[in-house]
Structure formats: structure tokens, C-alpha cells
Amino acid sequence: MELIALLSATVRMATPLIFVAIGETYSERAGVMNIGLEGLMLIGAITAYTAVFFTGSLFFGLIAAMLAAMLFGFGFAYLAVTIKANQIVTGAALNMIGLGVSGFIYRVVFANTGIVSAVKTLPAIPLPFLSEIPFAGPILFNQNALVYFVFILTPITAFVLNKTSLGLSIRAVGEHPRAVDSVGLPVFRLRYGCILFAAALAGLGGAYLPIAHANQFVEGLTAGRGFIALTMVPFAGWTIPGVFLGGLLFGAAYALQLRLQVAQLAIAYQFLQTLPYLLTLAVLILSRNRTEQPKALCVPYEAG
Amino acid sequence: MTPSPIPRLEVKNITKRFPGVLANDNISLSILPGEIHALLGENGAGKTTLMNIVYGLVHRDSGEILINGMPVNIRSPREAIQHRVGMVHQHFMLVPTLTVAENVILGMRPFTHHLLDMREIEQDILKIAEKYGLQIKPSELISRLSVGEQQRVEIVKALYRGVDLLILDEPTAVLTPQETTELFKTIRSLTKQGLSIIFITHKLNEVMEVADRISVLRDGKLIATKSVQETDKDELAFLMVDRCISFTVEKPEMKRGEPVLVVKDLTVSDKFRTQVDHISFHVCSGEILGIAGVDGNGQNELALSLSGLLRPSSGKILLNGKDVTHESVRKLNRVGLGHIPADRQNLGLVMDFTVAENLILQRYYCSPFTTTLGFFDLAQIQENAQRLVREYDIRTRTTQTKLNHLSGGNQQKVILAREIDQKPKLLIAVQPTRGLDCGATEYIHQILVEQRNAGAAILLVSTELDEILALSDRICVMYEGKIMGELLNTGEDILRIGRLMAGVTDS
Ligand SMILES: Nc1ncnc2c1ncn2[C@@H]1O[C@H](COP(=O)(O)OP(=O)(O)OP(=O)(O)O)[C@@H](O)[C@H]1O
Ligand SMILES: [Mg+2]
């Protein structure tokens, strides 16, 4: 029972990370590194939280979160692709903007108004039959809708990236944009598209936290998840299945850390809380030089 | 004369100015259906620029382009492809991490077209390749192909798109003699099917062998268009450089000295294969040792390991009697190693730096370029640059021009000037004249021979047999990482060398 609960929590904790990392994989495959994922997640989180709070519609909250993150993603794309600004610096700015904007909205709308601020959350939907499978059933098939969505999104995005014309163009534009240009494909539009897709998924991953994980917003509630998703991408060798598995690994670290806190061991909980971050460091060290990164990653394209 | 057919391509009064250079000056040309039209010219004559304009990569300042008699306005490669124009670039446009088939299909299907059936696409590609007698393996990764193979992929890529006019920008610069012969066969079979070919080159032999008509560019101007029957090599050379040139290098008797470079049992390998396989040889001062071989038989790895850029897995390298197997590049450089790398843009130059800066890449921290206080002495740097630009005839607008604004040949001269000016004891020259016109080639050959006469040891790695034969005192032939044979160069062993290059040992 303990184990089932632990694994079930693993899947729940992994879901937002996987969303964000899938998006970032697309973006990096197209040659753009967005280290501003944390900021985009915060934008998504505050937008979803506010929207759900006032409208009561979870669906609307999720859509609003994605659109808001895409708006900021568009700003990033404009700077990183069109203006050819340094992607790392621009991404860092995005993180600060996300932190600032989300904190500002939260204080103005909620903290100072004394509104009781719990929101509705996504319910677990046990799938008929499937959820009754012993062991795997409760772990995989008694989850909320976004978890199921990640199960669907993973194979679809993997398929698009590897088996379609669009995916081929994305993979090529991150390696050799000039070659892509010389066969008449739109380098900028491909990059914009991938950045916006990544932003939408980062918004979704951020929205997950207040409306599926906790039922409220706290300032900086993403707590580095955007950065963890960022490290998952090279760890996974820029592949979608790899990102999925990496997400589960980090999900397990989060779930374990929560369990251990509840278990009241003689270890300070602050120490346990560092578990996911220690894992991140370990992963970075282990994944060093394992696969080659896209050749044109972080290199703005200059036509002509 | 019968009334001539409508030209496949006609350019009229094309002018293109880059900051400081008039790259194309009022050029008018026409290419007939089924014709092989050679575009001849020295480095920087404007050949690539003109073709980039036709292919939509560069925009003309003025002038007109007509395709099959219709005026067109080509603003991007996409539009060029729509007008059935294809181009194989001087620097290939292939994505190394993708397969041959993926590179060919790239950009061919709309994004809305789901599921690429690679099996079927590979079949289609094979069909086209076979039709024109091009050997390629569609499922192979580009990064595993030799340059010659990559070029075939580029040609198939163009053919797959359906072209009536195929532009080949210096296609033979990177090919072995055998591959060049193959390419010419392909080109001829293409024209039999009605394609027109524009063929850019510096090599007069090739022009005479394959072209129907020849246009010569010099300093951005069209000097003349001739048919092969009415011209010869001497005239073309004259038109191209506006001065007479000789085709042989004067080489006095060798005065061989002590061994400078001794290589003992050197092996270089990576995860996948052994590129250099237990090689031993030496080079003495005052001699040129030529390493011949088909591209991709370990010569590059050999040169890289000798110059400290690639770690050998075993064996010893002695320079002037000292073991330098694991020395840093800077140390090697200081004890007298000069290196002209094959991959000039990545290993030899910083493309975003100016000519002056590139000319002091190794010596920037020494006097006179850096003063005792640790600051650059800009006047010295400038003076150094001006002297070298003058001595080595580097065609650049100023010494402050960025390297990526220089033509390919002039980029090469920058490396040469820098390396040779340090009077190296050992000079490793890998494909030193790749992509250079005959004037520049002759000039570089002269410099190499001068260095040899002055007592330098020279290791010349080249896939151009003519170059090896013209310069070397001794020749080693490499095949699959091994030295197949070594011989003194009498200039008469072409057949034997050819056999060794193909891996057939003397029996
Ligand atoms: N993007 C650019 N910006 C500025 N100058 C350029 C640019 N491209 C080419 N040039 C200049 O235009 C001239 C013609 O260059 P081009 O590349 O067409 O020569 P080329 O005939 O192809 O020479 P090569 O045989 O060396 O390749 C050269 O002087 C070059 O320095
Ligand atoms: Mg050129």
C-alpha cells in the first residue's frame, strides 16, 4: 500500500515536469534554449489560479494559463529569434519577470484583500476497468485529467518529432539552419512555433501546481521545477521518451521526499527537501557529454 | 547559325555591391538547355555571389533574371526551387545528424503532410540515384559519409526536387581524381536528359574536359564567354588572371638535413573505428613529404594528432628529437610547428574576427603585439597585418575587414601568411590549395618550396595527386589508416600510387 501511494504520487509529481520538458525539448531541438521556463511556469500558475478563483472553471483556467505563458513566450521569441539577443540573458530576464509579475498579481488580488484563497482542484478520475488492474491500476489510472493528458501527449509529441515532415524540419533547424533556409523552409517561423509550443506547455505545467497539486498559490511555488525540467532535457538526450522517464525519476524524488517527511524520521525536513535538487546535480554530472546537443543550440540565425 | 533556342537561364546586367566591393559588375550571361556552362575565375571574382543571386540567397542591386524567357523575381531559395533551379553549394548544406533520405526530403512535404514513410522515400531516392548512376545509401547518416558521398547526396537532393538548371559551386574542390571522373560522368548523363549545368571551378583541365561553353569572370566583371572549341587552356588562364602563368614549380635539388618529425607506431582511434593504424614515418629538414590518399583514409586524423588537436591512443611523436606526443598546441607552436588545417573555417580562423586579428592568433600574447604592460600594441598589429596582406597578396578591403567577408581563397591566404611568417621548422599543410584558383595555387606551391629550400620540414597532405607529384620529394600513400607504401618521387609512379591509394599493395 505504501509503495502504491508512493508511486502514484511519483506520477502526479512527474506530470508538470514532463509537460515543461517536452516543450523545452522541442524548443532546443529547434536551436533555442529557453532558461526562462521557471518564469513561464509562474505566469501559468498565477493565471490559472486567478482565473479558476474568479470563474470557477478549471478548463478556462488551464487555457488562460497557456495563453498567458504564450504571450510572454512570444516576447522571448521576438528577442531571441528576431532581435538575435543572447538567449541565456533573455531567459534569465524572463525568470525574473515571471517571479515579479506572479508575485505582484498575487499580492494585489489576494494577499492584501484577505480573501480566503483555496480554489477548486482537478479531481482524480478512476478509469473504468483499467483502474482496477492490481498494482498498476491505482498508480496509473486513478489520476487527474492532466496526468492522462501527459500519457497521450508523450507519444504524440514523440511521433511528430521523429516521423513527420514538421518534426524533421524542427530537428534540422536546430542543427544546420542554413541548410533549412537553403531548401526554402522558414527558419524563423519554425523557431517561433517551437518557442510558443514550449511556452504553452510551461504554462500548463505551472498551472498544474495550484489547481492539481496544491489548491492555492504561494509566491515562488514552482520552487525550481522549471530549472529541473531544463536539466531533464540534456539528461534525456533531447528525446521525448527520455524526458518522460526523466520526469518519473524526478517525480519519485519529490514523492519520496514528501513521504519521508511524513514518516517523521530523525532527519531535518529541510534536508529531505533538497533531494530533488541533489538529484538534479547528480543528473547533470552523469549526463555530461552523453549525447551531442543540437549544433545550433543558442546560436541565432543570420540570413544571407 | 540556326536561331538559338530560348535560354534556360538568362541574367542581364546583374550588379551587386557589398560594402566596399563590387562583387558583380553588370554581368550578362545565358545558359542554354542541355548545356554545361563553366564559370571560371580567380578567388573573389564573384562567381559564388552571382550564383547566390540566381538561387535567391543574395539579392541583386540591379539587373534582370529570365528563366525560359520569362522574367522572374527570385527572392528566396524556395522561389528558385519553384522555378526548377537547384544549387550544390561550395560548403555543403547537409544536416550531419540526419540520414541521407531525411536530408533529401527536408522541406519537400508540407507540414500538414503527416507521417513520413521513410521506407518509401528511400526507394524513390534510390530510383533517382540509379537513373543517373549515382551511388548512395539512403539510410546512412550524413556524418558517416565522405565528402564525395556527401556531394552525391547534394546532387540527388537537387534532382529529387526536379530541376532544369543545376548549379555546382566548385564541386571538384573536395573530390579525389576518381570521384571527379565519376562526377563528370554524372554531369554528362544529366545533360543528356536535358538539364543545364552551371559548373564553377578554378581548374582549367576540368573546364576543357567537361564544359561546352565557358564564361570567365574577373573582379566582378564578365571578361568573355567562349565555346571550348574556340579556346584553350593558355587563353583561359590569361583571361582569368590577366597575366601569364606557368604550370610547373621550379624545384632545386633537395638538401636533406636531420629528421625534424619522427612518428613511431602512432595510432588514433575513437569509439567506432581506428582512423590511424600504427603508422611510423619521418620528415627531414629540407624535404617535402607528401601524404597521398583518397579523402577519409585517416590523413585528417593524422594531421590533427600531429598538431596536438587530437589525442593519439598510442605511439610517439618526436619533434626535433623531443617527445611531444602529449604537448599542448601552444607548446608545439612555440617549438616550431606550423599547421594549415583542412577545415580552415573551424580550425584555422575565427570568422568573426578581422584579418589583422586572425593574423596574430598564435602570437597575440608575445611582443611586439603585447607590450610589457600587457596591453595590445595596435600599431604593431596593424603594421604586421599590412605587411602580410601585401606580401601574401591577400585581397581584402582593409585589414579590419572581418574574415567572413573574404572569399574562400583569400581566407586560405590569411592562414598561410600567419603560419609561414613564423618560419616553422615543421609545417603541416593539409589541402593547402583546396578551392584556390591557379594563380593562388601556384603562389602557394612556390611558398612551400621556398620554405623547403630554406630548411623547413614539410608534411604535405593532399588528395590532389597532381599537387603531391609536383611538390613532394618523398611520397607516402595512406589507405584505411595505414601507410601502404613509401616511394621517392620521380614523377613517374602515378600508376603505382594509384594502386596504393586503392589499397592494392606492391607484390
Ligand atoms: N556577405 C558578404 N559581405 C561582404 N562581402 C562579400 C560577401 N560575400 C562575398 N563578398 C565579397 O565579394 C567578392 C566576391 O566573392 P565571391 O564569394 O562571389 O567570390 P568567388 O568568385 O566565389 O571566390 P572563391 O573562388 O574564392 O570562392 C569578394 O571580394 C568577397 O570578399
Ligand atoms: Mg566561391
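## Chain A as a whole

In chain A, 54% of the 304 residues are buried, where buried means under 20% relative accessible area, exposed over 50% and partly exposed in between, with a 1.4 Å probe and protein chains only. This is a predicted model, in which local features need pLDDT of at least 70, side-chain atom pairs count only at pLDDT 80 or more, and totals for chains, interfaces and linings use all residues. Residues are numbered from 1 along each chain as its sequence is written, chains are lettered from A and ligands numbered from 1 in the order in which they are written, and side-chain values use heavy atoms, with hydrogens and water left out.

Chain A contains 13 helices and two strands. Helices (H or I, at least four residues) and strands (E, at least two) are DSSP runs, numbered from the N terminus. The C-alpha trace of chain A spans about 60 × 45 × 40 Å along its principal axes. Its radius of gyration is 19 Å, in agreement with the value near 19 Å for a compact globule of 304 residues; the radius is taken over C-alpha atoms, and the globule rule is 2.2 Å times the number of residues to the power 0.38.

Of the contacts in chain A with a separation of 6 or more, 77% are between residues 24 or more positions apart; contact means heavy atoms within 4.5 Å. The accessible surface of chain A is about 12,900 Å², and 72% of it belongs to carbon and sulfur atoms. Accessible areas come from the Shrake-Rupley method with a 1.4 Å probe, and for residues only the protein chains shown count as cover.

## Helix α9 of chain A

Helix α9 of chain A covers residues 187-213, 27 residues in total. From its first C-alpha to its last it reaches 38 Å, close to the expected 39 Å, which is 1.5 Å times one less than its number of residues. The helix α9(A) is largely enclosed by the rest of the structure, because 22 of its 27 residues are buried.

At A:Ala207, α9(A) bends by about 30°, and the proline A:Pro210 follows within four residues. The bend at a residue is the angle between axes fitted to the seven residues ending there and the seven starting there.

A:Thr25 belongs to helix α1 (residues 2-29) of chain A and is buried, at a relative accessible area of 0%. Apart from neighbours within four places in sequence, A:Thr25 has contacts with A:Val233, A:Trp238, A:Thr239, A:Ile240 and A:Val243.

One of these partners, A:Trp238, sits in the loop between α10 (225-235) and α11 of chain A. A:Trp238 is buried, with a relative accessible area of 5%, and has a positive phi of about 60° although it is not a glycine. A:Pro241 is in helix α11 (residues 240-262) of chain A and is partly exposed at 44% relative accessibility.

## Chain B as a whole

Chain B has 17 helices and 20 strands. Its radius of gyration is 24 Å, close to the 23 Å from the globule rule for 507 residues, so chain B is as compact as a globular protein of that length. The C-alpha trace of chain B spans about 70 × 55 × 50 Å along its principal axes.

Buried residues account for 53% of the 507 in chain B. Among contacts between residues at least 6 apart in sequence, 68% join residues at least 24 apart in chain B. The accessible surface of chain B is about 22,500 Å², with 51% belonging to carbon and sulfur atoms.

## The magnesium site

The magnesium ion (ligand 2) is coordinated by B:Thr48 (OG1) and B:Gln90 (OE1), at 1.9 to 2.4 Å. B:Thr48 is in helix α1 (residues 47-54) of chain B and B:Gln90 in the loop between β6 (85-88) and α3 (100-105), so the pair ties together parts 42 residues apart in sequence. Donors are N, O and S atoms within 2.8 Å of the metal (3.2 Å for Na, K and Ca); water is not among the atoms, so sites may look incomplete.

B:Thr48 is partly exposed at 25% relative accessibility, and B:Gln90 is partly exposed at 28%. In α1(B), seven of the eight residues are buried. The helix α1(B) is followed by B:Gly56, which has a positive phi near 85°.

## Backbone features in chain B

B:Ser367 and B:Pro368 are joined by a cis peptide bond, with omega about 5°. B:Pro368 lies in the loop between α12 (355-358) and α13 (378-391) of chain B.

B:Asp393 is in the loop between α13 and α14 (408-421) of chain B. B:Asp393 has a positive phi of about 55° although it is not a glycine, and at 33% relative accessibility it is partly exposed.
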